[in-house]
Amino acid sequence: MMMNKPNIVVLGAGYGGIMTTIKLEKILGDNDANVTLVNKHDYHYQTTWLHENAAGTLHHDRTRIPIKDVVNFNKINFVQDTVKSIEPSNKKVILEDGELTYDYLVIGLGFESATFGIEGLKEHAFSIYSINSARLIREHIEYNFARYTTEPGDRRDLLTIVVGGAGFTGIEFIAEIANRVPELCQEYDIDPEKVRVMNVEAGPAALAGFDEELVEYAMNRLEEKGVEFRLGTMIKQCNENGILVEKDGEQETIDSQNVIWAAGVTGNSIVEESGFEVSRGRVPVREDLRTPDHDNVFVVGDCAVLFNPETERPYPPTAQIAMQMADTAAHNLKQLVTNSSELETFKPNLQGTVASLGHTDAIGVVFDGKKLYGRSASIMKKVIDNRYLLKLGGIGLMLKKGKLDMFR
Ligand SMILES: Cc1cc2nc3c(=O)[nH]c(=O)nc-3n(C[C@H](O)[C@H](O)[C@H](O)COP(=O)(O)OP(=O)(O)OC[C@H]3O[C@@H](n4cnc5c(N)ncnc54)[C@H](O)[C@@H]3O)c2cc1C
């Protein structure tokens, strides 16, 4: 009977949320539960492509996918709204335009940029976290290049792009920017010699923890394209003129109107503000992906943290993990709504990591530690992306949005 069906509410249509919803759509019977998906926008986006949108090397319409194209609205109730808070004791979600009650909740609200209290970063630096933020960065850099030729004086700060952080996002973004600069120079009649693309990293190496040979390859390739690395260098402050950095006790100001902070993420602050137990902004979920305190609340993706028992380190916050968590959460929800107490333990199938260095270059470690770089790594990256689209929306979506230029 309709009235007695439990309500499952899924918050966020990122990798974790949308894959949980699609899986529930497939495995739940008509009388098992009502499923509601809540998302800020009427589209899902591939967060892993946002650095390309931000650099302007890929249009953001390739990255976003209307939710109605991949979720069956006859089976799933979709609510386009912004989550303000969660009240687990009342089993309620407060939205900007109303509220929802739930019997079971899945939190998949993704990540936020973490600025570690560095003065002025929140106010003056950009970060890549959504379609809107990526589009803003692209427009901002283009605008500053356009301004350069009209402003009096030699305003090199308009042509200086600083990326904070040489982790995956920082490296992938700076590689796209390095490829984009020649196009921008041509479009805005700017001498490429005047442009500065700089990466500032506090740690002693780029891509900490990644294979050293591949890191060296990446840095060499980027330096050949004009990227200036400042390793072991802390950003101490960011203001309207640029940044203040420090290395070995020596400080230096770098004038830049284009500072992009890509050095850290944390779970969505709504989760902590709603009173859930968190560790560095993420909920330390049980092995079945439920929160420590609530048997009816699951957390997937970047809002969750779970330790890999083999390495005793947390699984990294990645799209790969978010999607695999979605499978476990959906399976366990099916068990709960059909009154089975046997819940599955999350056991990821780690398939390696590939970081892109532009559209035709990449580095990666896949399948049992095999190293890839250059075109073969780039092909692998595109295969991973296309496989995701296939899983999300079938062959039609893959052909429409996929990266099919693999062998060009
Ligand atoms: C530039 C970049 C490159 C990356 N590259 C890779 C990669 O190559 N491989 C990899 O595995 N990982 C990569 N990652 C990490 C990966 O993107 C994240 O781990 C992944 O997106 C986490 O998935 P999620 O479902 O938790 O959240 P997200 O994908 O961030 O989705 C969260 C969703 O929640 C919605 N939302 C947020 N707040 C609200 C609210 N208040 N109300 C309603 N809706 C809300 C958002 O709009 C979004 O749709 C990359 C990240 C970045 C930024």
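I began with charges over rings: a charge sits over a ring if NZ of Lys or CZ of Arg is within 6 Å of the ring centre and within 35 degrees of the ring normal. I found Arg64 over the face of Tyr43, at 4.9 Å from the ring centre. I also found Lys403 over the face of Trp49, with 4.1 Å to the ring centre.

A note on what I am reading: this is a predicted model, where local features need pLDDT of at least 70, side-chain atom pairs count only at pLDDT 80 or more, and totals for chains, interfaces and linings use all residues. Residues are numbered from 1 along each chain as its sequence is written, and side-chain values use heavy atoms, with hydrogens and water left out.

Next I looked up aromatic pairs (rings of Phe, Tyr and Trp, the last by its six-membered ring, with centres within 6.5 Å; planes under 30 degrees apart are stacked, over 60 edge-to-face, the rest tilted). I got seven pairs by this rule. Phe168 and Phe210 are edge-to-face, because their ring centres are 5.4 Å apart and their planes stand at 85°. Phe168 belongs to helix α7 (residues 168–187) and Phe210 to the loop between β12 (196–200) and α8 (212–224), so this pair ties together parts 42 residues apart in sequence. Helices (H or I, at least four residues) and strands (E, at least two) are DSSP runs, numbered from the N terminus.

Is Phe210 buried or exposed? I noted Phe210 as buried, with a relative accessible area of 14%, while Phe168 is partly exposed at 29%. Buried means under 20%, exposed over 50%, and partly exposed in between (1.4 Å probe, protein chains only).
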